[in-house]
Amino acid sequence: MSYRRHLSRAVLYALLVVGVGLLFIPIFWTFTTSFKTLPEINVVPPPIFPDSFLNFSNYTKVFQRLHFGRLLLNNFAMCAVVLAASLVFATMTGYGFAKFRFPGKEIAFFAIVGVLMVPFQSVAVPLFRWMDRLRLVDTFLGLVLPLMISAFGVLLMREAASTIPNDYIEAARIDGCSELRIFLQIIMPMLKPSIAALAIIKFMWTWNEFFWPLLIIMTPKKAVVTLGLSYLTNMYFREYHLITAAAILSLLPLFLLFAILRQWMVEALTGTGLKA
Amino acid sequence: MKLGSTSYSRKLTLTGVFFILPVFLYFIVLYWYPLISAFVMSFQETIPGLELQFAGLKTYREVLADEDFWRSLVNTMLFAVQAVAADVLLALIISIALYNVPSASFRNVLTLLFVLPTLVSLAAAGFIWEWLFHPRFGLANQLLGLVGLPSLKFLQDENQVISSLAVINVWVRVGFSVLILLAGLQSIPDTYFDAAKVDGAKGLKLYWFITLPLLLPHLGAVLLLEVIFAVKIFDIVYVTTQGGPAGASDMLMLYLYNNAFRFYRIDKAAVTAVFIFLVLLAFGILQRRLLAGRRYEL
Amino acid sequence: MRQKIKWGVVLVLFVLAGGLTFAGGGQEAVAAAETVAIDFWTHWCSNNEYFEPFWVDAAVQFNSVHPEVKFSINLNCVPYEGYEAKYSSAFDVKKGPGLYTGMTHVWAGQFGVADPMPKDIADKMDEVLIGSAAPFGMYNGVRYGLPLEGGNFMMMYINVGLFKEAGLDPNKPPKTYTEMLEYAKKLTKYDSGGKITQAGYAIRYKGHPFGIADKSAPFYHAWGAEWLSWDEKKASGYLNSPEAVDALAYYAGLVQTAKVSSVDIDNPAGLFGQGLAGIMFRESWYEAWLLANAPDIDFKIYPLPSQKMESGYTNNFPWAYNVGNQISDTDKKWLWEMIRWYINSQDVRKEHYVKSVMLPAYNDIIDDPTFTNMKVFDAWKTMVAGRAAPTYYIPPAHEVLTIIGQATLDAMYAKGTPKAVLDKAAKDIDVILAKYK
């Protein structure tokens, strides 16, 4: 390899590592603050490292006070269901909009993506009223139903599906494949990178949902992580030592999940699906 | 079935409808009732006792005459331009860089690391950055001092606050955008690149003529999503500046929230929602015309 | 394929787990005795670890006195952020809680979802409520709710060390605002560029305008001004009276002319905690925060200064326990019965506030050593015995105070003269108040 290739590669890596490093500084700062005691945080000028990395008092306080274990379980359940539904329906719908023509297509698409353009706070209370009429307040179904399908997913999948060359689809049709088979066996594999991206994004986004769970959940033991975390800020002051510990605690499960699912994601994110 | 026949094309049409029907119905049933409620409320006004009565365009006039509304609109636009430009550019550079990393596992580790900040909830991100941006004790000024730059006031300075908020927004969003763009890059079939290389294209030319155009749908999606997100920015502002200092970071959503839930002026909030919707709709149409229109079909 | 099955099973397990959590916890079986289960919503859980959970215990105590009913209170801690949305959405569908913490002028005045207090309880309240808590829980002269706190109004905190350094006697606090200005001048330190590094008076400049107005209120009141008249439904003539203009001129002057306050360094709570402010105004809870967060700061607490008159005690967050009027009549009857028992049992109330280490809302229990040993006690007692500053517990309070806060900020940032900004604010508020005529 030429000198230039080596140099450009080195520059590439350097840039990426620096980029990651910069992005990481706030997380690093949060991490170190979570081990500090109150007086340590309030010092001028603030030290970078805590006195002791073994000071887990903030973590235990957060875990106990917020019943974090239960929050995590509820959160996972919510995210899992939302994710499963999202992926299936978003892909289906995106494909439908990208590769088919039917009357009213533009209006239908607008009806779906238009929802994104309205702030959720405006819709939340009428939506809650609707859920009440359907008797879904304080239920799991009531919690996940409005979150389940995302216009964002539809948008993403439509753009992704639009990059699939029509030749493949036409060829399959000529061969006599049913539309369903085409969808499952040709389209979905080709959309793997985008599906994986959507899965990650949707999972993370749902993990951090706050406003809808706030309204719909009435029983404390059904609460999710974001609700628990909001108990650490009250109207008088912010307990930074607890907030940072809680932020790390809520990151950890996601991080672990990713570590476990890394293999699957490697496959998905790198699958191009179209080898000649 | 012959490809050219009308019953075939009808079958295709039905298939298309079938594919989109579940989601379409979901949104109509679940979301359009609340949406229409929200829009209807914009033509009403709240009176004491929190009743709503029909008022035609009265509330619209009230909101349009409200200085705070215009201020929040301007601030939101300034914020959105900075945040989206920075986010999309950075995400593009990062995703292309990641795409070029030859080792798949190294690439995945790096990707996941870039995505890590997005795991943090918006409220937590707000707190974290508020602490980082602290004019006296924040790490940011300490770092600036290290390289000899003067201290900044970031979130506490009227002129810096919007840019500071944009930085926080980019930090939280860039991971999402990178994921989408990377997925887009990876779904470009090798056939395109092979064909282009045969023709002698390489380096930057390759990017400009092959990659970017094929990435346009994903870029368009990212752009639209980031603009929608930026215009609807709320949590970060709510948790840090609450619109300060002295209204310099008052955003449309904060204005809406204050009116809806603190002042119990649901009518004004509804009008604000309508405006947000129109702004985003305008952008969506623009995006459609300029970017998504150019789709490459083989 | 195996991978897919594995993850499918994992997914199903998670969903089951989550679903089971939700499925459980249905209604209790109706026992032989009358069963009353009250849902208690409050966003105060994070303010004080004992104060809200106490009501669950109180219900148990009440039960032992009234075996004919199975009375219980279910505590539901609601986050402060977004609590208004949560409350209003529940009330909107007529499923509001039986007991909830909130500002009465909002929930009774705006939403009409609070049940008025029975006369005997209201009379007893008038008897035992301490002055600073008396107007909490009231709207339009009618009592609805139980005040939570009696001590959370602003008092003057001084940094003993900085006082001594500046040659001031920490046992001789400023008695008037004019005096305070002189003290502040001695307490302020500047850097070479003329920027304040140590504030003489720590002024609040960050955050929602509502808070800004709240913190500036004592100044307006000390000059003899009032923000508005609810009876006349106007602010003009009040908010922009010569007294109010003078007060704002002084307040903004702290930043602009006298330069003893900074809008650059930090908000008062943090600043004082770092030992970088000589004088600060804050409520009683700040004492506990200082002792925990900044144990090295030696501080004293004094009553607020006067000017034309005493600043008086004022609090723009009149938190009260309100009884929701969407619960059944039986539930309501027993809930009021429990409140009756609470109000008439001095011991129970004492236990409540002593265990929470919170300054009580009741004058018959303030002599407990838990309170008398607090640093804030003397200042608190003096102020409670003093002037009751005007209150603004009106339905549009939030909107109104936001406008006042913005005007105050404009003056602090020299975006307009005090007279100009107050004239404009008064006009804007008049429009809002006119709707309630």
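B:D250 is buried, at 8% relative accessibility; buried means under 20% relative accessible area, exposed over 50%, and partly exposed in between, with a 1.4 Å probe and protein chains only. This is a predicted model, in which local features need pLDDT of at least 70, side-chain atom pairs count only at pLDDT 80 or more, and totals for chains, interfaces and linings use all residues. Residues are numbered from 1 along each chain as its sequence is written, chains are lettered from A and ligands numbered from 1 in the order in which they are written, and side-chain values use heavy atoms, with hydrogens and water left out.

Back to B:D250. Its side chain meets that of B:R71 in a salt bridge, 3.4 Å from N to O; the term means a side-chain nitrogen of Lys or Arg within 4 Å of a carboxyl oxygen of Asp or Glu. B:R71 sits in helix 3 of chain B, and B:D250 in the loop between helix 10 (235-239) and helix 11 (252-262), 179 residues apart. Helices here are DSSP runs of H or I with at least four residues, strands are runs of E with at least two, and both are numbered from the N terminus.

B:R71 is partly exposed, at 27%. B:R71 also forms a salt bridge with B:D68, with the closest N and O atoms 3.4 Å apart. Those two are three residues apart in helix 3 (residues 67-99), so about one helical turn separates them.

Next, a pair between chains. C:K435 and B:E45 form a salt bridge at 3.9 Å between the closest N and O atoms. C:K435 lies in the segment after helix 17 (418-434) of chain C, and B:E45 in strand 1 (residues 44-47) of chain B. C:K435 is partly exposed at 29%, whereas B:E45 is buried at 7%. A salt-bridge network links B:E62, B:D66, B:R265, B:D267, B:K268 and C:E399. Over all chains, the search finds 39 salt bridges.

Last, the domains of chain B. An automatic or database assignment gives domain 1 (6-58) and domain 2 (67-297). Their C-alpha centres lie 28 Å apart. Between them they bury about 740 Å², 77% of it on carbon and sulfur atoms; buried area is the accessible area (1.4 Å probe) that two parts lose on being put together, summed over both. On the domain 1 side, B:F39, B:S42 and B:T46 supply 55% of the area buried against domain 2.

How many salt bridges cross the interface of domain 1 and domain 2 of chain B? The rule finds zero.
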